[in-house]
Amino acid sequence: LTSMRDVVTPVPEAPQYWGAYTSFDATPRRPDSVPVHADATPERFEKELKVSFQLMASHKPQFNSNNLYFVTAWNEWNEQAVMEPSDKIGFGWLSALKAAIETIPTRPFVG
């Protein structure tokens, strides 16, 4: 899942880093907390990644020659922020990431 907050209000003098997460649920560690996107699905993740990748591709990189993209918590099982295959979702998260990556528009290299 991605956040549009930073895309809508970028800080011009700061580097732009892009990112997403699969889901997040802190209730295993803090039972009184409210799950954040605990209902996420690989299909939703893929759809939002595609939007995020399109936005990233349309922005000029700042302070370096490449836009960087981060996916958080590749193996945080306790909080449900995982991408590894599982009995519950199989390869769903990885397949969604692969499908979204394949839609990233390419730009000519400027050296």
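Guide: In this predicted model, a nonpolar patch is built from residues with over 30% relative accessible area and no salt bridge, whose nonpolar side chains are joined within 5 Å.

Visitor: What makes Leu68 count as partly exposed?

Guide: The relative accessibility of Leu68 is 33%, and the class in question lies between the limits of 20% for buried and 50% for exposed, so Leu68 is partly exposed. The value also passes the requirement of over 30% that holds for members of a patch.

Visitor: How is the chain as a whole arranged along the sequence?

Guide: The chain has three helices and four strands, and they follow one another in the pattern α-β-α-β-β-β-α. Of its 111 residues, 27% count as buried, and among contacts with a separation of 6 or more, 61% join residues 24 or more positions apart.

Visitor: Why is the pair of Phe45 and Trp93 called edge-to-face?

Guide: The search of the whole structure finds two aromatic pairs. In the pair of Phe45 and Trp93 the ring centres are 5.6 Å apart and the planes stand at 85 degrees; since centres within 6.5 Å make a pair and planes over 60 degrees apart count as edge-to-face, the pair is edge-to-face. Phe45 belongs to helix 2 (residues 42-58) and Trp93 to helix 3 (residues 92-101), so the pair ties together parts that are 48 residues apart in sequence. Both Phe45 and Trp93 are buried.

Visitor: How do you know which kind of pair Phe53 and Tyr69 form?

Guide: Here the ring centres of Phe53 and Tyr69 are 4.7 Å apart, with the planes at 70 degrees; the distance is within 6.5 Å and the angle over 60 degrees, so this pair, too, is edge-to-face. Phe53 in helix 2 and Tyr69 in strand 2 are 16 residues apart, and their pair links distant parts of the chain.

Visitor: Why is Phe53 assigned to its accessibility class, and Tyr69 to its own?

Guide: Phe53 has a relative accessibility of 3%, which is under 20% and therefore buried. Tyr69 has 21%, which falls between 20% and 50%, so Tyr69 counts as partly exposed.

Visitor: What makes the contact of Arg44 with Glu48 a salt bridge?

Guide: The nitrogen-to-oxygen distance between the side chains of Arg44 and Glu48 is 3.1 Å, and the limit for a salt bridge is 4 Å, so the two side chains meet in a salt bridge. Arg44 and Glu48 both lie in helix 2, four residues apart, which is about one turn of the helix. At 30% relative accessibility, Arg44 counts as partly exposed.

How values were computed:
Residues are numbered from 1 along each chain as its sequence is written. This is a predicted model: local features need pLDDT of at least 70, side-chain atom pairs count only at pLDDT 80 or more; totals for chains, interfaces and linings use all residues. Side-chain values use heavy atoms; hydrogens and water are left out. Buried means under 20% relative accessible area, exposed over 50%, partly exposed in between (1.4 Å probe, protein chains only). Helices (H or I, at least four residues) and strands (E, at least two) are DSSP runs, numbered from the N terminus. Contact means heavy atoms within 4.5 Å. Rings of Phe, Tyr and Trp (its six-membered ring) pair if their centres lie within 6.5 Å; planes under 30 degrees apart count as stacked, over 60 as edge-to-face and the rest as tilted.
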